[in-house]
Amino acid sequence: MDLPLFSNVRKALRMRFDADRDEDEVFYDISMAVDSKLFPNKEAAASSGDLDSSMMLDSGEIADTGSDYEDQGDDQLNVFGEHPVGGFMEDLRKCKIIFMIGGPGSGKGTQCEKLVEKYGFTHFSTGELLRRELSSDSERSRLIRDTMERGDLVPPGILLELLREAMAASLHHTTGFLIDGYPREVKQGEEFGRRIGDPHLVICMDCSADTMTNRLRQRSQSSPDRSSSATVAKRLEAYHRASIPVIAYYEAKARLQKINAEGTPEEVFLQLCTAIDSIF
Ligand SMILES: Nc1ncnc2c1ncn2[C@@H]1O[C@H](COP(=O)(O)OP(=O)(O)O)[C@@H](O)[C@H]1O
């Protein structure tokens, strides 16, 4: 039933959402739908390749989300009055997506820096994106702060939205995205796969707890962040527990590449280059 308020809205602009779901899922679907109206482009939907068509921002159809576009036709809206050029998903198909998983001290930061230099990737971590968002004064920032203060995990929908925005911002001047420390749990990976597409490669930095502990100990001597041994042990244990199902998930998808991260930075880098070269 249409409420009187909506009867004056052009039919092509009306959309229906199943609001009887998680708050972040509903919020995410609405963001996607708004995007589809702002950046309409039907070609991308028809040639999604590796990427899931349910995420097509420009298709006018979000297949598995329960949203219902009415009378879409050719009547497309661009509220900024811009000429739509390409779409996020279409441009994204030209880029590689690489996840880098590894415990604290396994060398992710060190290696990502080298990989960015060699391959021209854009590197970011979700922790960094969250910190950046928290320093802004947005509604979303307040939502994230409240969630963190309650000790809850940031909803996957919001994390994905931050990732998508960061990716969109450098889509035209990058060869790919190197996302470190993500996903932390299988649900995040599933959501990313559904909404953006599965990564081309998931690197797992294989490193013993002893090595990671020694490296972190050395790092903390030259940093103000002096973590105690107990804190380090807790972080390693938490990483270990959370990473097992994530590693198994990508192993089953044949996207996982384990790297022996015990060697010197140069030795580790050589292995990483071999793995990355294999996806080009
Ligand atoms: N292969 C390596 N051999 C020895 N030390 C390393 C190696 N990789 C990184 N480090 C050192 O270990 C510490 C942690 O590395 P970092 O790249 O910050 O790890 P992460 O980002 O995974 O927490 C840093 O002080 C770094 O210089």
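Modeller: One term first: a crossing is left-handed if the near helix is turned anticlockwise from the far one by less than a right angle, and right-handed if clockwise. This is a predicted model: local features need pLDDT of at least 70, side-chain atom pairs need 80 or more, and totals for chains, interfaces and linings use all residues. Numbering starts from 1 along each chain as its sequence is written, and side-chain values use heavy atoms, without hydrogens and water.

Colleague: How many helices and strands does the chain have?

Modeller: Helices (H or I, at least four residues) and strands (E, at least two) are DSSP runs, numbered from the N terminus. The secondary structure of the chain comes to 11 helices and 7 strands.

Colleague: What share of the 280 residues counts as buried?

Modeller: Buried means under 20% relative accessible area with a 1.4 Å probe, protein chains only; exposed is over 50%, and partly exposed lies in between. By that cut-off, the buried share of the chain's 280 residues is 46%.

Colleague: Among contacts between residues at least 6 apart in sequence, what share joins residues at least 24 apart?

Modeller: Contact means heavy atoms within 4.5 Å. In this chain, the share of such contacts that join residues at least 24 apart is 75%.

Colleague: Why is α6 called oblique to α7?

Modeller: The axes (lines fitted to C-alpha atoms over the stretch in contact, with angles from 0 to 180 degrees between N-to-C directions) of α6, residues 139-149, and α7, residues 156-170, come within 12 Å and cross at roughly 135 degrees. So α6 is oblique to α7. Under 35 degrees would be roughly parallel, over 145 roughly antiparallel and 65 to 115 roughly perpendicular; the rest is oblique.

Colleague: Which hand has the crossing of α6 and α7?

Modeller: From α6, R140, L143 and I144 meet I158, E161, L162 and E165 of α7. The residues of this contact divide into 4 nonpolar (Ala, Val, Leu, Ile, Met, Phe, Trp, Tyr, Cys, Pro), no polar and 3 charged (Asp, Glu, Lys, Arg). The crossing of α6 and α7 is left-handed.

Colleague: With which side chains does the side chain of R140 make a polar contact?

Modeller: R140 sits in α6 and counts as buried, at 16% relative accessibility. A polar contact is a pair of N or O atoms within 3.5 Å, one able to donate a hydrogen and the other to accept it. At 2.8 Å, the side chain of R140 has such a contact with the side chain of E165. At 2.5 Å, its partner is the side chain of E161.

Colleague: How far apart are the axes of α9 and α10?

Modeller: Helix α9 covers residues 209-221, and helix α10 covers residues 229-252. They pack at about 135 degrees, with their axes separated by 11 Å.

Colleague: In which hand does α9 pass α10?

Modeller: Residues of α9 in the contact include M212, L216 and R217, and those of α10 include V232 and L236. The contact residues divide into 5 nonpolar, 2 polar and 3 charged. The crossing of α9 past α10 is right-handed.

Colleague: What separates F192 and L160 in space, C-alpha to C-alpha?

Modeller: F192 lies in helix α8, residues 186-195. F192 is buried, at 0% relative accessible area. Beyond neighbours within four places in sequence, F192 contacts residues including I97, F99, L160 and M167. L160 is 32 residues from F192 in sequence, and their C-alpha separation is 6.8 Å.

Colleague: Is M100 buried or exposed?

Modeller: M100 is found in strand β3, residues 96-102. Not counting residues up to four places away in sequence, M100 touches residues including C112, L115, I179 and I203. With a relative accessible area of 0%, M100 is buried.
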